[in-house]
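Please open the structure in your viewer and keep the selection panel at hand. The tour below goes stop by stop, with what to select and what is there.

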Protein chains: 2
Amino acid sequence: MRDVAIIGIGLTRFGERWEHSLRDLMAEAGLSALTDAGINGKDVEALYAGIMASGRFVGQEHIAALLADQLGFDNIPATRVENACASGGTALRQGYIAVASGIHDIVAVGGVEKMTDVTTSEATTALGGAGDQEWELNQGITFPGLYALMARRHMHEYGTTVEQMAAVAVKNHLNATKNKYAQFRKEITIDEVLNSKPVADPLKILDCSPLSDGAAAVILAPLDIARKYTDTPVKILASTQATDTLCLAERGSITGLKATAVAGEKAYKASGLKPGDIDVAEVHDCFTIAEILAMEDLGFFKKGAAAKAISEGETALNARLSVNTSGGLKGCGHPVGATGVKQAVEITMQLRGEAEGRQVSGAEIGMTHNVGGSGATAVVHILERTN
Amino acid sequence: MRDVAIIGIGLTRFGERWEHSLRDLMAEAGLSALTDAGINGKDVEALYAGIMASGRFVGQEHIAALLADQLGFDNIPATRVENACASGGTALRQGYIAVASGIHDIVAVGGVEKMTDVTTSEATTALGGAGDQEWELNQGITFPGLYALMARRHMHEYGTTVEQMAAVAVKNHLNATKNKYAQFRKEITIDEVLNSKPVADPLKILDCSPLSDGAAAVILAPLDIARKYTDTPVKILASTQATDTLCLAERGSITGLKATAVAGEKAYKASGLKPGDIDVAEVHDCFTIAEILAMEDLGFFKKGAAAKAISEGETALNARLSVNTSGGLKGCGHPVGATGVKQAVEITMQLRGEAEGRQVSGAEIGMTHNVGGSGATAVVHILERTN
């Protein structure tokens with residue numbers, strides 16, 4: 001297995017992109033990444049595209065072949081992967097495997113979702129397909145409901161408060177104000193979160209990530225030739241993935257995600273690192289409680305200790321550990337298939353020193369953490385600055 | 001890169017399986033494959049599942065994690081891949097890469113589709129997502145229409161006749177009568193095809209593969225340990241994939257599929273074989289014209305010569321080359337995500353000498369050919385008997 005590096009990145013602005021189609025967004029991010037790597041479509045040997053539910057959102061499947069066509073790739077293998085909201089992270093891992101194995105040298109990885117062409121009700125139903133449709137969605141529980149169950153149990157077992165959860169949203173919105181790609185570039189306060197519209201008690205609308213349109217792309221190459229393309233290759237130290245039951249009711253505990261814990265442990269083992277070595281992390285804050293679970297499951301804080309630590313600023317920009325500097329899913333937006341790839345783009349910007357007003361000083365090691373559904377899939381990457 | 005072998009196979013009966021859900025079918029095929037390999041779920045290190053449009057057919061995405069859960073796998077990486085009707089073949093190729101690279105030893109590959117829980121109109125629309133939704137489906141052209149265009153042009157350029165196309169369906173139905181897993185176990189005649197209901201001129205209903213429910217699975221292992229699990233490992237000599245434009249109008253020619261030709265050439269190169277070395281092939285006959293195109297694009301016959309050869313029996317069971325011994329998509333059925341994996345199951349049965357009444361005498365080398373949409377994806381595998 002060869003070392004693999006990210007040699008190019010591309011991103012669209014996330015948001016309600018009414019004026020742009022799915023293929024516009026894909027092409028914009030893809031072309032940016034090719035330009036950033038200094039290559040063109042003919043140089044790409046394989047493509048992996050992460051998208052969750054394009055069939056239901058825009059009536060189009062077979063997205064990888066479409067993307068290859070749009071970008072002028074040359075009859076190369078192109079594969080869509082789908083693991084719900086972890087589709088992007090999964091695509092990155094498949095791209096990593098393709099390069100690490102020696103099968104391909106230059107591999108493109110894209111993530112995209114166009115969620116605002118359907119009604120909110122249709123979108124909620126489509127997203128419900130990420131959980132157990134027979135045992136959960138058909139019984140009336142949507143995604144905010146599933147995470148509300150986790151939040152309520154976490155409050156019961158560890159004394160976590162709604163104010164502490166709100167602090168996650170406040171932090172991530174503040175970070176998003178410094179990111180030109182973010183959907184919500186405005187600060188919010190704890191009181192605004194607490195007084196916002198209830199969605200699934202105890203979660204309010206400002207505890208929830210939004211419906212978004214957007215795309216992200218990265219170009220991968222073997223590390224040993226990466227400097228032909230860029231002065232700032234970012235090395236992938238670990239790429240790991242794990243699963244859990246789809247249905248929440250079948251799990252031993254719902255105050256943590258086992259898939260995150262397993263993928264995280266594997267990533268630390270593969271890289272030889274520990275949580276304290278991470279300088280900057282993008283974690284999957286689809287709901288505020290999800291960031292709290294992630295901080296605990298990934299070993300950054302003891303079980304039950306993350307909510308207090310976050311609310312006291314320990315994961316703010318340039319604090320002990322900078323978390324969701326992009327604004328996270330909450331502030332930057334969550335076009336589901338794009339999110340896992342966007343996380344890698346953000347960490348690459350941080351490790352290259354290109355994160356402008358949200359730059360983490362001296363960032364050397366970063367992590368991405370991408371969750372599918374209510375935790376049936378988790379994908380973790382650890383990235384390292386090389387320049 | 002290590003040599004990879006198929007050490008276990010599983011298959012459900014294809015058809016209108018009203019009494020079984022998507023997860024029932026997945027579990028049946030998966031458990032059969034585990035049993036055939038003599039292992040259990042805890043032995044499996046990774047899973048790839050091919051499914052095209054479960055979101056639209058049954059409201060469920062995130063199928064790979066669901067399948068891993070159903071089969072008792074142990075928090076392993078599980079990934080859905082989707083390349084329209086080539087989803088199954090693509091899943092097999094990803095499984096192959098995972099084992100060949102050395103990342104995993106025992107990998108499960110599944111394919112499934114449950115297509116009969118929606119109306120035919122809904123299914124047709126969902127399948128349209130495999131083509132170019134904006135430039136084709138939204139303009140009113142469905143899949144039979146796209147292949148009818150190819151058929152009409154092939155007739156114009158090469159004198160191919162509707163009787164010759166009908167002969168493909170007649171052959172494949174005859175083969176299907178000998179396959180207990182097949183959807184249509186009845187013979188048909190040329191006249192019955194020609195007099196069947198027109199769908200998209202010149203294609204009649206009996207030129208078209210059906211809507212089907214079904215699942216298939218294979219278990220992969222490195223060849224050097226395969227005999228621990230089975231006396232009859234089947235070696236994967238080549239696993240290749242290629243793309244083309246999604247939209248038919250953008251192609252230089254529509255009397256062949258360039259993706260098939262490219263994937264085929266790569267497969268011959270990887271294996272050091274030529275078309276004449278293949279004893280048995282499962283090719284993608286979603287419509288009768290598609291089998292004719294495949295025979296030419298894969299180099300079995302010169303351009304324009306396949307239709308006559310097929311109608312004269314050259315690809316009948318135990319003729320010069322046995323094609324679609326399972327009954328193909330036309331006779332065995334076409335649960336789209338399952339098809340590419342089912343093709344590998346059929347070839348494995350043939351190379352093991354377990355194909356019962358449809359056994360190809362002395363079969364040593366087999367090929368599978370799986371197409372996505374109207375040819376924007378093609379996946380080719382070449383398999384070899386080792387015992």
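**Stop 1: a core residue**

Select B:Leu47 and the residues it touches: B:Ala64, B:Leu67, B:Ala68, B:Phe73, B:Ile76, B:Ala78, B:Ala108 and B:Gly110, with residues up to four places away in sequence left out. Contact here means that the C-beta atoms of two residues, placed from the backbone, lie within 7 Å.

The model is predicted: local features need pLDDT of at least 70 and side-chain atom pairs count only at pLDDT 80 or more, while totals for chains, interfaces and linings use all residues. Residues are numbered from 1 along each chain as its sequence is written, and chains are lettered from A and ligands numbered from 1 in the order in which they are written.

B:Leu47 is also one of the residues with the most contacts inside the largest nonpolar core, together with A:Leu47, A:Val218 and B:Val218; that core has 288 residues. A nonpolar core is a set of buried Ala, Val, Leu, Ile, Met, Phe, Trp, Tyr and Cys residues joined through C-beta atoms within 7 Å. Buried means 20 or more other C-beta atoms within 10 Å of the residue's own; 12 or fewer is exposed, and in between is partly exposed.

**Stop 2: B:Val341**

Move to B:Val341, in helix H14 (residues 336-352) of chain B. Helices (H or I, at least four residues) and strands (E, at least two) are DSSP runs, numbered from the N terminus. Why does B:Val341 count as buried? Because 35 other C-beta atoms lie within 10 Å. Among the residues that B:Val341 touches are B:Gly50, B:Leu92, B:Val109 and B:Val218. Show B:Ala216 as well: its C-alpha atom is 5.7 Å from that of B:Val341, although the two residues are 125 residues apart along the chain.

**Stop 3: strand S3 of chain B**

Select residues 78-82 of chain B, which form strand S3; five of its five residues are buried. B:Ala78, B:Arg80 and B:Glu82 point one way, and B:Thr79 and B:Val81 the other way.

S3(B) pairs in the parallel sense with strand S2 (residues 46-50) of chain B over four bridges. Strands pair if DSSP finds at least two bridges between them. B:Ala49 has B:Arg80 as its bridge partner in S3(B).

A:Val81 stands opposite B:Val81, and A:Glu82 has B:Arg80 as its bridge partner.

**Stop 4: the contact between the chains**

Colour by chain. The contact takes 49 residues from chain A and 49 residues from chain B. Elements of chain A that each supply at least two residues to this side include helix H3 (63-70), strand S8 (234-243) and helix H10 (258-271).

**Stop 5: the domains of chain A**

Colour residues 4-119 + 212-234 of chain A as domain 1 and 131-208 + 238-385 as domain 2; these bounds come from an automatic or database domain assignment. Their centres, taken over C-alpha atoms, are 23 Å apart.
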